[in-house]
Amino acid sequence: MCLTGCQVDLTTTINVSDNGSGSISVTATADAETMRLAPELVDSVNVDDLREAGWVVEIQSLAGDGGISVVAKRDFANTDEATFFLSQLSGESGPLRDVQLSRTGGVNDATYVFGANGGLPSGLAGFADSEALNTLGANPFEEALLRSGATLSDALRLSVRVTTPGEVTESNGDVLPRSSDDLSSTSIWSVPVDGSDLLLAATTRDRDLSAIVASFVSRALLALLIVLAAASVLYLATVVHRRSRSTPTS
């Protein structure tokens, strides 16, 4: 793939809004030296399947660098769609597997949970399906990597960035600092490429306390009005009953 000092960066970014919709963006960047040593990288990037599945894919040359950047983007309507779309990217042996993204709760108090297994248990073969492996012969770019004498950890960096509404209640990633007016939280993980696995897990809770208080107060007032209305009806009924008893009969 590249000599020591060359680099391929692969970043998956997931942004979730408060109603569970959002977007996924996957960016792969290879520098000029990587492209010089592994020109087959461009030809082996098969984006037709992604485009047919509804992804928007752009392949760009990095100005003044000679490297390339491949960006795949897709919006999702809810967290179930996001889970399905993420499974399209990685498959069973890719760098991000068993992805689960969920939203539970109501409008004013919701919990968002992200989980996945990260890593490359099959090495570079995790980036290709069986048909691609047969076409390329062995793992993609494995020969170039062996020629370079570099390790996969030297050549490839994988990262995942997840932003969900609310405050972090649990995360084993690096949590970015939030300012007082931030409505979301972001966790970032560096995914291992040495054959080991890393469990990615993050949970946030989004609570609108003012809305919760207002809802509680409105329900309390409604209950009070019902009690007052019932008391008024009871009082009127009592008055009518007393008057009917005190009315003289002829």
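Two strands are said to pair if DSSP finds at least two bridges between them, and the exercises below apply this to a predicted model.

**Exercise 1.** Determine how β6 and β11 are joined, and in which sense they run.

*Solution.* Begin with the count of bridges: 11 of them join β6 to β11. Since at least two are needed for pairing, the two strands pair, and they run antiparallel.

**Exercise 2.** Find which strand forms a hairpin with β6, and how many residues lie between them.

*Solution.* The strand is β5, and 3 residues separate it from β6 in the hairpin. Strand β5 covers residues 96-105 and strand β6 covers residues 109-119, with 8 bridges pairing them in the antiparallel sense. Within this pairing, Leu101 has Phe114 in β6 as its bridge partner. Phe114 is also among the residues with the most contacts inside the largest nonpolar core, which has 37 residues.

**Exercise 3.** Classify Leu198 as buried, partly exposed or exposed.

*Solution.* Leu198 lies in strand β11, residues 197-207. Buried requires under 20% and exposed over 50%, so Leu198, at 28% relative accessibility, counts as partly exposed. Its contacts beyond four places in sequence include Ala116 and Trp189.

Definitions and conventions. Residues numbered from 1 in each chain as written. Predicted model: local features only at pLDDT ≥ 70, side-chain atom pairs only at ≥ 80, totals over all residues. Heavy atoms only, no water. Helix = DSSP H or I, 4+ residues; strand = E, 2+ residues; numbered from the N terminus. Buried < 20%, exposed > 50% of the residue type's maximum accessible area, 1.4 Å probe, protein only. Contact = heavy atoms within 4.5 Å. Core = buried A, V, L, I, M, F, W, Y, C linked by side-chain atoms within 4.5 Å.
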